Amino acid sequence: MKNLFKRAAAIFLVAVLAFSCAACHKPGELALTVGGEEFSSGFYACAFLAADNEAQQLVYEQASKQGITITSKNMYTQKIDGVVYGDWVKNKTLEICKQMIAAKQLCEKSVVKTAEYLDNAKQTAKAEWQSNKDYFEKNGIGLESYQKFCAYQEYATAYFDYLYGKGGPEEVKDDVLNKYITDNYVYLNALSIDITAMTEKQQQDQEKKYKDYIERIKKGESFGKIYAEAQGTQYAEDKTDEGTFSHSYAMLWGGENTGSYESPFFADVKDLKKGEMKVIVNDKAVDGYKYMFMVYMGNILSEKNTNLDTIKATAMDAMKGDEFLGKINEQAKGVTLTENTKSTKQFKVENVYYPESTSY
């Protein structure tokens with residue numbers, strides 16, 4: 001679900017490798033007819049890049065688990081779910097296009113209001129395209145194609161909000177959503193330090209320092225002030241403070257399957273209540289490093305939490321994403337697709353251009 005209804009900006013935010021060859025298709029050339037709608041080669045290029053981006057992430061995740069180093073020479077020999085990289089990207093590109101049409105059909109069947117979603121997507125796409133014009137143009141994508149692609153992705157967002165939002169046929173009630181959030185996420189202030197190379201005495205001194213910070217917070221000093229001291233920066237009064245907890249310094253850690261918020265330290269703090277503090281010494285290395293944390297638990301559902309709407313949207317996705325994708329894919333089974341192979345065969349993963357500044 002995540003790759004379908006997140007906006008298309010993701011197609012350039014996690015670029016991995018850099019190449020000098022661009023797609024060599026004719027602007028405006030018909031690439032696909034999906035569900036009776038015609039998509040140009042530029043639109044196809046957007047879907048192709050989105051699929052390639054997802055493939056890169058999956059390959060790097062696999063390689064990390066297997067201890068393999070990925071380079072420009074072996075990237076495309078990798079397999080994803082048993083399918084060679086290039087074939088996987090091609091299949092995923094067609095799947096993305098069918099899913100977008102499926103979402104549009106579901107919106108039309110339920111008379112979902114989509115105008116605001118589509119307009120916002122086009123405006124955002126315009127700004128993104130202008131900021132990354134070189135990247136898009138070298139991959140054969142014009143502004144009109146990118147705006148259309150972003151707009152079509154928003155049909156899924158619109159239908160998701162209609163289905164599970166307020167008054168929707170499968171509305172997720174506030175109490176259910178809030179319980180999911182409090183069960184699967186923690187909202188905290190945290191200080192951390194790498195203790196990998198520390199001696200036992202240095203670790204003991206650091207732990208004492210963190211425990212002293214906890215005592216100072218208990219006596220009324222704000223976390224923001226202590227954070228500034230620990231970082232060696234000038235403290236300015238924090239207007240987001242709720243007592244001694246600072247919302248502007250708050251972090252969100254998630255449990256298993258919470259996507260980008262999933263934290264290896266979630267289990268260490270999940271049972272802490274609002275206002276509780278703790279020093280955590282991580283005994284097992286994470287990504288090769290060991291850490292010590294001083295954490296101060298906040299109220300994730302606080303009205304002062306300026307990120308609460310984003311957290312709720314993220315939690316809703318985690319709750320209903322797979323179920324929703326199943327509905328989209330079921331609708332997509334009936335979506336017809338005709339491919340102009342003369343156009344699409346020109347798209348090869350080896351020819352994708354990514355700016356070097358975005359590579360890992």
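A crossing of two helices is left-handed if the near helix is turned anticlockwise from the far one by less than a right angle, and right-handed if clockwise. This is a predicted model, in which local features need pLDDT of at least 70, side-chain atom pairs count only at pLDDT 80 or more, and totals for chains, interfaces and linings use all residues. Residues are numbered from 1 along each chain as its sequence is written, and side-chain values use heavy atoms, with hydrogens and water left out.

**View 1. Crossing of helices α4 and α7.** Helix α4 (residues 85-109) and helix α7 (residues 143-164) have axes that come within 8 Å and cross at roughly 50 degrees. Helices (H or I, at least four residues) and strands (E, at least two) are DSSP runs, numbered from the N terminus. Axes are lines fitted to C-alpha atoms, for helices over the stretch in contact, and angles run from 0 to 180 degrees between N-to-C directions. The pair α4 and α7 is therefore oblique; angles under 35 degrees count as roughly parallel, over 145 as roughly antiparallel, 65 to 115 as roughly perpendicular and the rest as oblique. The crossing of α4 and α7 is left-handed.

**View 2. Residues between α4 and α7.** From α4, I96, M100, I101, A103, K104, L106 and C107 meet F149, Y152, Q153, Y155, A156, A158 and Y159 of α7. Contact means heavy atoms within 4.5 Å. Sorted by class, the contact of α4 with α7 has 12 nonpolar residues, one polar and one charged. Ala, Val, Leu, Ile, Met, Phe, Trp, Tyr, Cys and Pro count as nonpolar, Asp, Glu, Lys and Arg as charged, and the others, Gly among them, as polar.

View 3. V111 sits in the loop between α4 and α5 (115-131). The phi of V111 is positive, near 50 degrees, in a residue other than glycine. With 70% relative accessibility, V111 counts as exposed (buried means under 20% relative accessible area, exposed over 50%, partly exposed in between; 1.4 Å probe, protein chains only).

**View 4. N257 in the loop between β8 and α11.** The loop that holds N257 runs between β8 (251-254) and α11 (266-269). N257 is not a glycine, yet has a positive phi of about 70 degrees. The relative accessible area of N257 is 58%, so N257 is exposed.

**View 5. A197 and K290.** A197 belongs to the loop between β5 (185-194) and α9 (200-218). A197 is exposed, at a relative accessible area of 75%. Between A197 and K290 the C-alpha to C-alpha distance is 8.7 Å, with 93 residues separating them in sequence.
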